[in-house]
There are 2 protein chains.
Amino acid sequence: MITHAEIKYYSSLLQKKYRQKERKFTAEGDKLVAEGIESGLVPEVILTTTSFFEAQKDFFNSLKNCRIELIMAADLRKLTDTKTPQEVIAIFPFISNRSELKKLSRPLLVYLDNIADPGNTGTILRNCDWFGISDVLMSNGSVELYNPKVVRSSMGSVFHLNIFEDTGIRQLEELKKKGYSIICSDLMGEDVYDFMFPEKCIVVFSNEAHGPDNSVREVSDHIISIKKKGKAESLNVASASAIILSLLTK
Amino acid sequence: MITHAEIKYYSSLLQKKYRQKERKFTAEGDKLVAEGIESGLVPEVILTTTSFFEAQKDFFNSLKNCRIELIMAADLRKLTDTKTPQEVIAIFPFISNRSELKKLSRPLLVYLDNIADPGNTGTILRNCDWFGISDVLMSNGSVELYNPKVVRSSMGSVFHLNIFEDTGIRQLEELKKKGYSIICSDLMGEDVYDFMFPEKCIVVFSNEAHGPDNSVREVSDHIISIKKKGKAESLNVASASAIILSLLTK
């Protein structure tokens, strides 16, 4: 049985500072929980309600050797930032089975330059995962990877990808030396439909409100754009990433 | 000065049934308020806090002949579903200056088939607006256009587009008779990169969880897909719309 103190402890993981201190995060919903385990993470505990446990016997039977605890719906709500939570939550350790940045050898990488919105970040990770881009660098001004909304909107892609947090210009420069071209998407650049992507490149998506960081602009080899044909003031960065990654991997 | 009863009345517009009854909706933030007015809508009232009013004199000076009322921040929070609201909200009447569906003559249309997520819906509208698609049909199972999150995530595009709510198969069939081909995006279809879009067509985006409605499948002339290269289980529908609309209007 779970104690009141444990519920309190797990609910503290809704806050970045406690996630970072404890190096643990929550994943909500049967799909995310299953994806996390399948990726090799060992959950500290899986929390669910009696009714969900009864209704999803097969799911819980498939989770071998996991500590599963039944909690009240009211306690479950303390562990999530969603209004209508799914009734199963896993507590996972931070993901650590990732390759080293130095050893990256795949030709196509993505760099997230200070993207602050968790929903956009999760959707971009999902787009990378759809188009087979396995390695993503996140600048240290980006939203935290383990933010519950990032995890949720990535729809499990956080578990599939090699993600390198807290990277910056130094890492971009090192990768340039290894032959990667840096392609930055921005408002005024070459039309992406006329652009020939180099074989080895890092595609940069930037903060929607502020555009590319100056230091990123300086190391960029090319600026590309998705041309506007209508009246919208801007294009959502996750939508822009979908178009660019689709063309990059065509 | 605004009365307590008025605050209560305007806060009822957070609920769909009262929006539909009163045929009014709220738009939050200076950009959305300005876009709504620029599109020709006359706000019933614009509500703001003293501090925002003082800080944004130029903005409020530009709003000629509008009723502007100062309210307390605590009251403003009652009028929005966001946690950290922007400090200006306009109450607009439903948009009525739209063309008739019968008179549509532009060759490219979009149909939203039971898309329920307001954020995705707003982003798709924004994508249509970016790529110059002016006419959007929404099935009657779609989220309501005036849902605050649709309005917000459209970033003003709800004010730029001709949007026809409560449409269905009957309208699609009528448009087919006028020479429009119906192109439905789904998991198993022709690769969008190999597909030649007809000159006159309606592109259908469907509910992410359920895929195209059977009746929509039946009237479709072509099914197109964005091919998966990685491990993600699915592609976000707003991201899919970005790719398809970008190719459609290339």
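Start by selecting helix H7 (residues 118-130) of chain A, which lies across E5, E6 and strand E9 (201-206) of chain A and runs at about 175° to E5(A). Helices (H or I, at least four residues) and strands (E, at least two) are DSSP runs, numbered from the N terminus. Axes are lines fitted to C-alpha atoms, for helices over the stretch in contact, and angles run from 0 to 180 degrees between N-to-C directions. Contact between two residues means C-beta atoms, placed from the backbone, within 7 Å.

You're looking at a predicted model, where local features need pLDDT of at least 70, side-chain atom pairs count only at pLDDT 80 or more, and totals for chains, interfaces and linings use all residues. Residues are numbered from 1 along each chain as its sequence is written, while chains are lettered from A and ligands numbered from 1 in the order in which they are written.

Next, colour the open sheet: six strands of chain A, in the order E7-E6-E5-E9-E8-E10, with parallel pairing (strands pair if DSSP finds at least two bridges between them). Strand E7 (162-167) and strand E10 (222-225) of chain A are at the edges with a single partner strand each, so one side of each has no neighbour in the sheet.

Zoom in on E5 (residues 108-113) and E6 (residues 135-139) of chain A: four bridges join these parallel strands. Click A:Leu109 and you'll find A:Asp135 of E6(A) opposite.

H7(A) and H12(A) pack at an angle of about 10°, with axes 9 Å apart.
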